[in-house]
Amino acid sequence: GVQTCALPISRAGRGPHLDGSRETFKVEARHVGGHVREAVVAAGDDASAWRMLSDEGLHLKGTDLAPFPFGYFNAGLQADLIRCIRNSAALHGVKLDVLNTVLDNEYWLTGSFALGTGQGHAEPARIQIDVRSDAPQTTIGKVVAAAVEASPAMALLRTPLVNTFALYVNGRRRAVSDVAASPATDVVDPFLRYQAPPGAPANADAVIEKLSMREDGEIAIAASATTTRITRKVTGRARLVDASGMTAIETWLQLPGMSHFAFRSDESGGDRAPCGLALLAAGLAFCYMTQIARYVETMKLAVGSVRLVQFSPFLTGGAEGFDTHLFLNGEAPDEMQTNLLTIAARTCYLHATMAAALPPLVSVKHNGSPLR
């Protein structure tokens with residue numbers, strides 16, 4: 001790795017239980033500049049908190065120094081699925097010698113940022129699971145099926161969800177339009193909550209890094225409008241590192257010149273790395289902020305200091321919509337800032353993923369043979 005992209009800012013010694021209960025993750029994010037965003041992510045008030053960085057590749061005029069939002073989302077999907085397979089195996093009395101996954105996401109855009117007609121779309125995730133175990137193939141099939149059913153991340157993919165929004169313009173809450181309004185009371189602006197960027201404890205290990213590996217080819221700048229379908233394919237591969245629940249994931253965007261990024265996830269309920277659901281929640285917040293930044297850049301709007309607070313609920317075997325509170329500042333008229341929230345929600349690929357019913361397409365190999 002050559003670039004540190006996430007560090008702990010508090011360690012509480014616990015992660016999400018999700019043993020039939022509901023756990024709400026809180027993401028507090030801000031736009032640093034360009035396409036660089038940082039977020040503080042925690043699973044409840046008494047959980048470990050992580051400070052994460054995100055950026056876009058050079059095709060979107062980013063610096064490419066931190067993972068792209070899709071990378072976070074892909075890594076989170078795999079880490080949570082691996083957590084659930086590991087738990088399901090334990091319940092079935094199965095020892096896993098090897099557990100690897102490969103996950104492909106595909107997203108596409110229609111319309112125009114400039115005209116405000118952009119629309120994000122997503123295809124069902126394709127997941128390959130490779131299990132090495134002495135257990136019978138029929139048992140492995142039951143283990144995986146139960147895990148897919150239990151995983152909150154997989155439930156998010158297959159369940160059409162309604163996300164809610166709140167908007168604050170120059171410190172005052174405004175009504176939203178063409179999206180579902182948040183039923184929550186006002187939340188604290190991250191700008192007021194954090195007087196300075198939160199620091200990491202001494203001797204903290206990096207858990208998200210940029211790798212030196214790149215896709216072949218030359219980078220091309222992405223268009224802001226299209227009359228055809230612009231497709232983005234994301235691939236990730238993950239492996240269970242040890243029986244305690246540490247997972248290693250690598251993700252990349254399948255475009256010429258794109259960088260690869262490495263993630264670690266602690267699925268043991270400990271605090272060695274963020275859990276998969278924390279990565280997933282961060283990815284969705286980062287993707288939404290990318291859409292805001294692209295529209296502001298395209299339209300040259302007098303909008304700055306973008307921040308948000310996102311509440312991301314998860315439960316075993318189920319999913320609920322996320323609640324996002326967006327803070328905007330600047331001289332642009334309130335109506336334009338209200339439209340910005342709506343346009344970003346419409347163009348955000350990951351909000352589109354949540355709004356659709358996209359059951360993942362899962363295939364399994366057991367000791368090298370396809371599961372039948």
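Is C84 buried or exposed? At 6% relative accessibility, C84 counts as buried. The views below come from a predicted model.

**View 1. Cysteines without a partner.**
The structure holds zero disulfides. C84 is in none, and the nearest cysteine sulfur, that of C275, is 11 Å away. C348 has a relative accessible area of 0%, so C348 is buried.

**View 2. The largest pocket.**
About 310 Å³ of space lies in the largest pocket. Its lining is made of 18 residues. Closest to the centre are R30, E38, P190, F191 and Y194. Which elements give two or more residues to this lining? They are strand 3 (22-33), strand 4 (36-43), helix 4 (190-193) and strand 16 (303-315). Strand 3 gives the most, with four residues. By class, the lining of this pocket has 10 nonpolar, three polar and five charged residues.

**View 3**
Rolling a probe the size of a water molecule over the atoms shows where empty space is left. How many cavities of 30 Å³ or more does a search of the whole structure find? The search finds three. The largest cavity has a volume of about 200 Å³. Among its 17 lining residues, L60, F70, R232, R294 and Y349 are the closest to the centre. Helix 1 (69-91), strand 13 (225-240) and helix 5 each give two or more residues to the lining. Helix 5 gives the most, with four. The lining of the largest cavity divides into 11 nonpolar, three polar and three charged residues.

**View 3. The largest nonpolar core.**
The largest nonpolar core has 99 residues. Which of them touch the most other members? They are M52, I129, L156, Y288 and L326. Helix 5 (residues 276-299) supplies the largest share of this core, 15 residues. Now zoom in on L156. Leaving aside neighbours within four places in sequence, L156 is in contact with F73, L161, L280, F314, A319, F322 and M354.

**View 4. A89 in helix 1.**
A89 lies in helix 1. Its relative accessible area is 1%, so A89 is buried. Which residues does A89 contact, leaving aside its neighbours within four places in sequence? They are V94, L96 and V143. Now look for S182, 93 residues from A89 along the chain. The C-alpha atoms of A89 and S182 are separated by 39 Å.

**View 5. Q137 and P370.**
Q137 has its place in helix 2 (residues 137-150). At a relative accessible area of 27%, Q137 is partly exposed. Q137 and P370 are 233 residues apart along the chain. Their C-alpha atoms are separated by 9.5 Å. Not counting residues up to four places away in sequence, Q137 touches H366, S369, P370, L371 and R372.

Most residues other than glycine have a negative phi. D178 is not a glycine, yet its phi is positive, near 65°. Where does D178 lie? D178 is in the loop between strand 10 (172-174) and strand 11 (180-181). Its relative accessibility is 72%, so D178 counts as exposed. S305 also has a positive phi, of about 50°, although it is not a glycine. S305 lies in strand 16. At 45% relative accessibility, S305 counts as partly exposed.

Notes
Residues are numbered from 1 along each chain as its sequence is written. This is a predicted model: local features need pLDDT of at least 70, side-chain atom pairs count only at pLDDT 80 or more; totals for chains, interfaces and linings use all residues. Side-chain values use heavy atoms; hydrogens and water are left out. On a 1 Å grid over the protein atoms alone, a cavity is a set of points where a 1.4 Å probe fits but cannot get out, and a pocket is an open set with protein on both sides within 12 Å along at least five of seven lines; lining residues have an atom within 4 Å of a point. Grid points are joined across faces, edges and corners, and a volume is the space filled by probe spheres set on the points. Ala, Val, Leu, Ile, Met, Phe, Trp, Tyr, Cys and Pro count as nonpolar, Asp, Glu, Lys and Arg as charged, and the others, Gly among them, as polar. A nonpolar core is a set of buried Ala, Val, Leu, Ile, Met, Phe, Trp, Tyr and Cys residues joined through side-chain atoms within 4.5 Å. Buried means under 20% relative accessible area, exposed over 50%, partly exposed in between (1.4 Å probe, protein chains only). Contact means heavy atoms within 4.5 Å. A disulfide is a pair of cysteine sulfur atoms within 2.5 Å.
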